[in-house]
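This report describes selected features of a single structure. The sequence and the coordinates are shown first, and the description follows.

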Amino acid sequence: MAFQNGTISQLLQSLDLGSPVAEVDRLLEVARIETSAFSDLLADRVDLVPGTKGSGKSALFRMIVEFLPGFLLKQRKVVVAHGVQALGDSVFQAFAAQFSALTEEDFVDFWCIYLISLAHAQFVSSDDYAPMLSNAAAAIERFRAECVRAGIPEIRAKRTLKDVLGWALTALSKVRPRIRYEVPHEGGAFEVDLLGHPKEATEERAASDQPASLPRYVSDIRQTLEEVLKLSNLSLWLMVDRLDEVFPRRSDTERRALRGLLRAVKQFSTPLIRVKLFIRDDMLDNLVSTDAGFTALTHLTARQADTLRWEPEQIQAMLAKRFFANDGIAAFFNVDAERVNSSAAYRLQCLSKLFPPTVFRGTRQSSTLTWIYKRCSDGRGVVTPRDVLDLLLKAKQRQHDICSGDPDGETAWLIGADAIQYGLEQLSEHKRRTYLQAEFPHLWQHMAKFIGGKTEYSEEALVALLGKEAKPAAEDLVSIGFLQKKSGSANTTYTVPFLYRYGMDMSQGKA
């Protein structure tokens, strides 16, 4: 069946697919997909949610903190507290000098202060929970007194993450003054804080994940906070997200900060106080590769969700919910929106009305939805909803331009093959700029050598391209998904996935 271009243009103009960026996605709640991580998090079975960029960590975070606090409070007696960050607010740049100067021990204190500030501002001092805390007045006073005794003042107004981080850094300077004296000791020297907190100065102790002596205020404040929760019959979730945007990627500062955070979480978490971390899987992998035996990480992985991964059926469900949330689209293609939510087979049937059967002609071509899924896969086989949505948003814009340019013409599909190919090209170029170059500048010198080249490399060809650093460089490029490694009985080959080929101006074939 053919449709007038003018009609399709009007439909596309009214179509809102939401945003690939979870923080501004207006359709997040309507189009949410309840993955195993979502179910486990809601049931308080997990505290650590790992996933690659665009896999849905921030979407899951936002669903909990924006759409489900009422449900959690009423049905589970859970209070949700979280840091608030304005989109595009470059936190690290504002505090780069301060963060870079912090030791791992400092970061432990910093994160403890940050978590305490969330509990203080968004639970203990919040008017929203005042009726529930009526029986805990004395315990609240003890909690506040312990905070004051530790030099941690109260945050009375709602603050952005940037404000809270700046406040925590200021409080840190009061909690841990730099007045120490080094004392000779058999087996190595140790330092004594003039407030009485010892800290061994040997390299061996500095490399250990065991704190020399965490300040007593953490234990005291946590105990009084638990008392408040017990008396009010509540539990508390402290939510931490977007860590990859706070510190420069794969830097020493990021490593110290992450180690400090995991140690702080280990010290602060209890059955009544849960710290929920949403974190990039490559950040965790980097920590594991350089810190074997880090017990704070082992403690957390006992309550770790499966790494966020999206199967084709889940991607199809996400797309169907977004397309047919538009009443005009649903009516035009005669789609029952309720059945879209309940039947996978019906979703696939409805989506087939929007796109051509295949992107390219031929009997051996995969279906359009399969083609999109495979083209959005990185070298690790990871497909993110952000990339799929980004591709289709660009395709939608392209199709709208095509139809608007010839309103009297006809088209058979809401979004045609040419527009979908254009969407992939734009996505690939976007990934090169915002992911490969922006997030891995230390690896870009290797990736840049692939520009304009072929898509498949033997080990010998890779050495010829990358030189003597070929082996470690290839391992790094495989770890971030730029290369896919295929090991056979005879040889090993490395392939650049479709996701990056257009952006790197590559041509199909062996080098």
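Leaving aside residues up to four places away in sequence, Pro385 touches Gly54, Ser55, Trp310, Ile315 and Met318. The model is a predicted one. Pro385 lies in helix α19, which spans residues 385-405. Because buried means under 20% relative accessible area, Pro385, with a value of 11%, is buried. Its C-alpha is 10.0 Å from that of Lys53, although 332 residues separate Pro385 and Lys53 in sequence.

Arg222 is buried but forms no salt bridge. The nearest side chain of opposite charge belongs to Glu226, at 4.4 Å; a salt bridge requires a distance within 4 Å. Beyond residues up to four places away in sequence, Arg222 touches Gln267, Phe268, Thr270 and Ile273.

The model also contains an open sheet of 4 strands with parallel pairing, in the order β2-β8-β7-β3. Strands β2 and β3 form the edges, each pairing on one side only. From one strand to the next, the twist averages 15 degrees. Strands β3 and β7 run parallel and are joined by 5 bridges, and Val78 stands opposite Ser235 in β7. Helix α6 packs on this sheet, where it touches β3, β7 and β8. The direction of helix α6 makes about 125 degrees with that of β7.

The residue ranges of some of these elements are as follows.

| Element | Residues |
|---|---|
| Strand β2 | residues 48-51 |
| Strand β3 | residues 78-82 |
| Strand β7 | residues 235-240 |
| Strand β8 | residues 273-280 |
| Helix α6 | residues 104-124 |

Methods:
Residues are numbered from 1 along each chain as its sequence is written. This is a predicted model: local features need pLDDT of at least 70, side-chain atom pairs count only at pLDDT 80 or more; totals for chains, interfaces and linings use all residues. Side-chain values use heavy atoms; hydrogens and water are left out. Buried means under 20% relative accessible area, exposed over 50%, partly exposed in between (1.4 Å probe, protein chains only). Lys and Arg count as positive and Asp and Glu as negative; His and the chain ends are not counted. Contact means heavy atoms within 4.5 Å. Two strands pair if DSSP finds at least two bridges between them. Helices (H or I, at least four residues) and strands (E, at least two) are DSSP runs, numbered from the N terminus. Axes are lines fitted to C-alpha atoms, for helices over the stretch in contact, and angles run from 0 to 180 degrees between N-to-C directions.
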